[in-house]
Amino acid sequence: MRTTIGWQAAGPTALRRASLKRRDLRPDDIAVQVEYCGVCHTDLHALHTYDQHTKAPLVPGHEFTGVVTGTGAMVTTFSVGDRVAVGNIVDSCGVCAMCEAGQENFCHSFPTLTYGGTDRQDGSTTLGGYSREYVVRDTFAYPLPSGLDPATAAPLMCAGVTVWEPLRSLGVGPGTRVAVAGLGGLGHLAVKMAVALGAATTVISRTQDKLDDARALGARDLIDSTDTQQMATARDTFDVVIDTIPTPHNLAPYLKLVTMDGTLSLLGYLGPVTVEATDLLIGRKKLSSAGSGGRMATAEMLQFCADNGVAADIEVLPSSHVDTALDRLRRNDVRYRFVLDMSDLD
């Protein structure tokens, strides 16, 4: 076994520095020295629901970049010193219809998650990127294009690919009208990507105060969702509405913004929802969702971001300040993504 240092859950609100075990390299593994790891709302949820009396430790972190420090005997794609990115999926069955279609994120036997997952070979619990080293199958690591900064690229591996998947599958491009509801970690990247794809992009927010932020990201306008007149004026306007709001909310007002045969893609809140069929019927509107991305889509997303100058807006903190980052994230006190610098674990 290999040994590294990371941040392990010590309860629902705190982490402690701990020695972690990583597997010895399998023939198709690479070892990655983690440089930067994004802090995701999923990490908050995992910590909140973690039972510290369980036998399996919890080490969060599923969007990170780093440098290859070792390769297995069969690895030909990577060499020591290469910069790579790793997202929230580190394995899949590889043989189901979804995996064969390049949608490993929808693997029928469920993909192996970067943390809190079950290794498909030895049954161990995966430990995440809040650590100095990660060992991963080479096919679930991605070369980091030279045009991307490793710190601002880290959130692309979860937040970025999560919004990329519906934007691409719904054919967003020149001539498309897109609205993004919610301007946070997911939303700000959805705006940047939609704009880079050539879509006329609008932000939907509960306050007009974010208009300058929206325009700085490339959006043309902002609709105040609490203003009934603005919402009524925008009815049947958008081909795609990307909903990144993370809490339960009424979908009806957002469906009304969707044009005929358009789609509301629900990405932020993934719990139970209630929809009136007539809100879909009137205009043949569609309600969809998406999550993460397959290997092909993730590689495509990284190259697109490099080619078009798309990166997350981040605040970098030393990894020793992880509790501060999580506390501020709970209070939505971030614009728009925290990234941990893991070098202080040396």
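Me: Which residue in E13 is the bridge partner of Ala179, and what makes E10 and E13 count as a pair?

Reply: In this predicted model, the bridge partner of Ala179 in E13 is Val241. Strands pair if DSSP finds at least two bridges between them; strand E10 (residues 177–181) and E13 are joined by four bridges and run parallel, so they count as a pair. On the same criterion E13 also pairs with strand E14 (residues 258–266), over five bridges in the parallel sense, and here Ile242 stands opposite Ser265 of E14. Strands in this account are DSSP runs of E with at least two residues, helices are runs of H or I with at least four, and both are numbered from the N terminus.

Me: On what conventions do the numbering and the values rest?

Reply: Residues are numbered from 1 along each chain as its sequence is written, and side-chain values use heavy atoms, with hydrogens and water left out. As the model is predicted, local features need pLDDT of at least 70 and side-chain atom pairs count only at pLDDT 80 or more, whereas totals for chains, interfaces and linings use all residues.

Me: What makes the unit of E13, H8 and E14 right-handed or left-handed?

Reply: With the strands pointing away from the viewer, a crossover whose path from the first strand over the helix to the second runs clockwise is right-handed. E13, helix H8 (residues 252–257) and E14 make a β-α-β unit of this right-handed kind.

Me: What makes a group of residues a nonpolar core, and which residues touch the most other members of the largest one?

Reply: Such a core is a set of buried Ala, Val, Leu, Ile, Met, Phe, Trp, Tyr and Cys residues joined through side-chain atoms within 4.5 Å. The largest has 43 residues, of which Leu148, Leu156, Val178, Met193, Ile242, Met301 and Leu302 touch the most other members. Among the elements that each supply at least two residues of this core are E10, helix H5 (185–196) and E13. A second, separate core of 41 residues includes Val32, Val90, Tyr134 and Ala325.

Me: How do you know whether the span of H5 agrees with its number of residues, and what makes H5 largely enclosed?

Reply: The expected span is 1.5 Å times one less than the number of residues, so the 12 residues of H5 should span 16 Å, and the 17 Å between its end C-alpha atoms agrees. H5 is largely enclosed by the rest of the structure because 10 of its 12 residues are buried, and what covers them includes E10, E13 and strand E17 (337–341). Just after H5, Gly198 takes a positive phi of about 100°.

Me: How do you know whether the chain agrees with a compact globule?

Reply: The globule rule, 2.2 Å times the number of residues to the power 0.38, is set against a radius of gyration taken over C-alpha atoms. For 346 residues a compact globule would be near 20 Å, and the chain has 20 Å, which agrees. Buried residues make up 54% of the 346.

Notes:
Buried < 20%, exposed > 50% of the residue type's maximum accessible area, 1.4 Å probe, protein only. Contact = heavy atoms within 4.5 Å.
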